[in-house]
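I opened this structure to look up a few things and wrote down what I found. My notes follow the order in which I looked.

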Amino acid sequence: MIVNEKVAIDHGLKKDEYKKICELLNRIPNITELGIFSAMWNEHCSYKSSRLHLKKLPTKGKQVIQGPGENAGVIDIGDNDAIVFKIESHNHPSFIEPYQGAATGVGGIMRDVFTMGARPIANLNSIHFGSTQHKKTKNLLRGVVHGIGGYGNCMGVPTIAGQTSFDSSYNGNILVNAMTLGLVKKDKIFYSKAAGLNKPVIYVGSKTGRDGIHGASMASAGFDEKIEEKKPTVQVGDPFTEKLLLEACLELMAGDSIIAIQDMGAAGLTSSSIEMASKGNLGIEINLNKVPCRESKMTPYEIMLSESQERMLIVLENGKEDQAKEIFDKWNLDFAVIGKTTKTKKIELYFDSEKVADIPVNTLVENSPMYDRKWKKAKLPKKNKINKDDINNLKIIEVLKKILSNPNISSKEWIWQQFDHTVMGDTIQKPGGDSGVVRVHGTNKAVAATVDSSAVYCWAHPLTGGQQVVCESFRNLISVGAKPIAITNCLNFGSPENEENMGEFVECVQGIGEASSYLKFPVVSGNVSFYNQTKDQGIKPTPSIGGVGLINDYTKMITMDFKEIDNVVIVIGKTEGHIDQSLFARVILDEKNGPPPEINLFNEKNNGETLLKLIDNNLIKSAHDVSLGGIITAVSKMCIKGNKGINLKKPKYLISELEYFFGEDQGRYIVEINKKDQKKVLNILNKNAVHYDELGTINENMLFLNEKTKVTIDELKGFNTKWLKEYMSN
Amino acid sequence: MKSSVITFPGSNCDRDMDVALKKFGFKNKMVWHQDVELPKSDLVVLPGGFSYGDYLRCGSMASKSKIMQSVINFANSGGMVMGICNGFQILVEAGLVPGVLLRNKYLEFICKNVFVKINNKDNAYFKNINNNVLELHIAHNEGNYFCTSDQLKEIEDNAQVAINYCDQSGEIKDTFNPNGSVNNIAGIFNKEKNVLGMMPHPERMIDPYLSGEDGSLFLKNLINNLK
């Protein structure tokens, strides 16, 4: 095939990008080379629109062993133990083919983690769907849930937490973000940097097929009417092979024969070989005839661009080939020496004794395009004046019932019961709490993890929204008694070529950076997913934040269920009754404008750290952060989980009952304390200048409000648990 | 007491079972599916997981593994063989216990705690256990036990039903059947009661910080019975 500008454009490259390729090579590339450039220079692999802004994120910290730039981030949790973790998007393929898209998303992120030598110990996911009324939503949800379960369950890795939301802005572009945590010894971490000349380059895992060709390019463009034609770009997963690959890799890693290892994810053999060469400042030579292929007559172009799953590339020490092959034979996996490292600093490919590609590595990586896209700053919307007449007629318990059965609050048990969350025998906090918690096998330590996003806040004001998501992650970890350590981010946005969408990205990233820097909660890994748009319509900006924290003594872990009758319940943090952008405003008042709740980073940090101190002193019986739906929603969930009631009272503030109980002010937690500890707790809060209100005491099974209104917890439970099950069975 | 846990390609509860058996005093050995000989054992466990990716039929390929001939011989000579979840599916495929395991009734994977009623205590697995009801944990996609009515009659006549899904009080009703199993059957013996296949995972219920402790009860009792 003759390469020209049109062919380049069909590959998703821009005119001037094609021109730059010709200049860099000093000739016209052949079709294989063009394919390689298009795979490396697309948005998904090159981060050309985001790099400039991502640089500003805080990535360092006392416990950070590896920040962004590797397969995943790594943090130190003491005693020579480290946690490897990352979140990644698989949005585009999941919309086209929900089961395989979601499954391979889970498979891909687990590979990123075990590539570094870590055994995966927990999975999480953040999934977002269109309106519950949209005709595609039900099938997409079912397919995605089956796909996540199908892959994770088979791998034997527990899925311990997640987040699901519904919003019409995802009607044409769902989001599937998958996160994995792995455990590794600090001195046995593996990296992707090749080193040494004439070292064998080894291909292991599944055979290469024709699936997923141009997957990364597909994920770098928006959708239109021809979306169905893109099905062949979706990869097909085989979790069984990945389980074998995991065991085989860990077995090989126990020895000392690996120099560098890299999984073949987006852009397959192309990006894995180039990344290893680039990091090692070396060249790589590959004989494509040696690549194990599933189908006959595959061309060099197809072999290089296939995104077949469950494959790894390894640079091995000389002379260790037989020993390594024995391990992969045992696990029934392909093993082939396909090339070697060279000093040329080029990627050189041979096929049928002919050289089919010859590209300097730096042209693909360092010289890849980087754009300073135009972006528009968002103004802080004006506060809404709530019409008192609108809310005076509302009955608070009726409102509560509506909120508890709202799709975005309703129990997600139907989803997480389909995920094996107990395999590996260390899950001590299951999905449905503030964070999932797994023990570090055989120790007293436990790791907590949560994944959060607040697209509505980010849409209303990206800067505040970006800050808020990081704070919420911080709070969810503290609520289970974990000290927050670091985050990973999955940045889901519309088109970077649209100034407003780009502005949302820039300001959300700024907000994330500000909060993570203030809270000493650095970003150690992540991924960017642009072009979540259909025609001109982008999604609401949705950065998902995956937070990880440590509990030194797991017997001190906190759960959110109310524990004991007569215990006292207080809310930590100040309540101003912020209604704009709250679930109450959107669902009950049908009001979509106004600013999101303000973030006060000082209070976030102070409130959180003080609560951790209380937990450490065994003064807290249960805790839950206040988020969507405000105080009364949080309290109701604690009642439902603990099968207990509460006598709830509003303190004498000037704001109305509805504002007090449904407002979404930030930095707040509900906590349960024993009466005998009350004085001590309030003293500590006062001493640390932490605001609190006393809310009431726990009773057997009723929610009483200001002694006049009441409802049974069973009834509230019904409202909270029924919706999703009924929705999915209709 | 010596135990052996077989690892098939795709097994994923093999380590959990190893941890649990050791916790209650077994000297456990992991056995690779391509081995020919079983080590000397008082108990052989086929663990949960997705042996051979559940391809073809759950458990069918694993039931033809090299090691399985030794397991079958061991069982036929009266040795204690316990299959959990995928291990149960392998036992069924190997013909060591009657019936088949179909896809769950609602076509969904289920991971949750369930109650099971012990139906027969006249065997080495449940003898001396005080409780009549245990709270255990299930996590499976194909646990819907099925057999023909003739088979069912034979199974019942021989008292081969080990445990049934029930509620906390031990009542066996369709409402408490998580997967559509015939007569709420959650576990079943061979005729001689030395082979037990069951869907619930006792190894996931072995300390109060996990889902519960009834797994400890079962495994502690089991090792005492074998002594």
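Predicted model: local features only at pLDDT ≥ 70, side-chain atom pairs only at ≥ 80, totals over all residues.

Entry 1: I looked up the open sheet of chain A and found 7 strands in the order β8-β10-β7-β11-β9-β12-β13, with mixed pairing. Which strands stand at the edges? They are β8 (258–263) and β13 (354–360) of chain A; each has a single partner strand, so one side of each lacks a neighbour in the sheet. On average, neighbouring strands of this sheet are turned by 20° against each other, direction ignored.

I then checked one pair inside the sheet. Strand β9 (residues 283–287) of chain A runs antiparallel to strand β11 (residues 334–342) of chain A, and 4 bridges join them. Gly283(A) has Thr342(A) in β11(A) as its bridge partner.

**Entry 2: helices on the sheet.** Helix α3 (residues 31–41) of chain A packs on the sheet and touches β12 (346–351) and β13 of chain A. The direction of α3(A) makes about 35° with that of β13(A). Helix α13 (residues 321–330) of chain A lies across β7 (200–205), β10 (311–316) and β11 of chain A, and runs at about 150° to β11(A).

**Entry 3: strand β6 of chain A.** I noted that 10 of the 11 residues of strand β6 (residues 175–185) of chain A are buried. Strand β3 (residues 81–89) of chain A is joined to β6(A) by 9 bridges in the antiparallel sense; Ile83(A) is the bridge partner of Leu183(A). Strand β4 (residues 119–129) of chain A also pairs with β6(A), antiparallel and over 9 bridges.

**Entry 4: Gly436(A).** Is Gly436(A) buried or exposed? I found 29 other C-beta atoms within 10 Å, so Gly436(A) is buried. Gly436(A) sits in strand β15 (residues 436–439) of chain A. Beyond its neighbours within four places in sequence, Gly436(A) is in contact with residues including Ala122(A), Ile160(A) and Pro431(A).

**Entry 5: helix α20.** I checked the span of helix α20 (residues 499–518) of chain A. At 1.5 Å a residue, its 20 residues should span 28 Å, and the end C-alpha atoms are 28 Å apart, which agrees. Just after α20(A), Lys520(A) has a positive phi of about 50°.

**Entry 6: the two chains.** The contact takes 22 residues from chain A and 23 residues from chain B. On the chain B side, β6(B) gives the most, with 3 residues. By class, that side has 12 nonpolar, 6 polar and 5 charged residues.

Definitions and conventions
Residues numbered from 1 in each chain as written. Chains lettered and ligands numbered in written order. Contact = placed C-beta atoms within 7 Å. Helix = DSSP H or I, 4+ residues; strand = E, 2+ residues; numbered from the N terminus. Nonpolar A, V, L, I, M, F, W, Y, C, P; charged D, E, K, R; others polar. Expected span 1.5 Å × (residues − 1). Buried ≥ 20, exposed ≤ 12 C-beta atoms within 10 Å, placed from the backbone. Pairing = 2+ DSSP bridges. Axes fitted to C-alpha atoms, helices over the stretch in contact; angles between N-to-C directions.
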